Amino acid sequence: MGEIIQLTAADGHEFDAYRAVPEGQAKGAVVVIQEIFGVNIHIRDVTDGFAADGYAAIAPAIFDRFERGVELGYEADDITAGRALKARGNENLDNVLADVGAAHDAVMDAGKVGITGYCWGAVVVWA
């Protein structure tokens, strides 16, 4: 349902995002913040689900600042790798929030914008 697009943060950093749009007029928009596993199949499914419910939805690949194309599973090695990336994100939270801001700006034409996050993404939402 969705597609990978390119976004640019306020500091010029270019990164990927997965965007899904509803059929017809959007009720609003949702920024979906990833788990420590990247914008993987689960996060893309969640994003598609919001679009199916009538919302423009976008999941920024916020690990792209540290490692592009992160898409981990849920095995022990994936958890270890995800935790290491999360630590880098926590050390650079201002940059992560700049990427979230760019994702917000990319869907704000759909109306009111909400944000949700899963796992580490909940920490990002809180910030």
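Modeller: The largest pocket has a volume of about 160 Å³. A pocket here is an open set of points on a 1 Å grid over the protein atoms alone, with protein on both sides within 12 Å along at least five of seven lines. Its volume is the space filled by probe spheres set on the points, which are joined across faces, edges and corners; the probe is 1.4 Å.

A word on the source. This is a predicted model, where local features need pLDDT of at least 70, side-chain atom pairs count only at pLDDT 80 or more, and totals for chains, interfaces and linings use all residues. Residues are numbered from 1 along each chain as its sequence is written, and side-chain values use heavy atoms, with hydrogens and water left out.

Now the lining. Lining residues have an atom within 4 Å of a point. Among them are Ile4, Asp16, Ala17, Tyr18, Arg44 and Glu71. By class, seven are nonpolar, one is polar and four are charged. Ala, Val, Leu, Ile, Met, Phe, Trp, Tyr, Cys and Pro count as nonpolar; Asp, Glu, Lys and Arg count as charged; the others, Gly among them, count as polar.

Strand β2 gives the most to this lining, with three residues. Strands are DSSP runs of E, at least two residues long; helices are runs of H or I, at least four long; both are numbered from the N terminus. β2 covers residues 14-20 and runs antiparallel to β1, with six bridges joining them. Two strands pair if DSSP finds at least two bridges between them. Asp16, in β2, is the bridge partner of Gln6.

Step back to the sheet. It is open, has five strands in the order β1-β2-β4-β3-β5, and its pairing is mixed. β1 (3-8) and β5 (113-117) stand at the edges with a single partner strand each, so one side of each is left without a neighbour in the sheet. Strands of a sheet pair through backbone hydrogen bonds, either parallel or antiparallel.

Cys119 has a positive phi of about 60 degrees, although it is not a glycine. Most residues other than glycine have a negative phi. Cys119 counts as partly exposed because its relative accessibility is 45%; buried means under 20%, exposed over 50%, and partly exposed in between, with a 1.4 Å probe and protein chains only. Phe63 and Trp120 are both buried.
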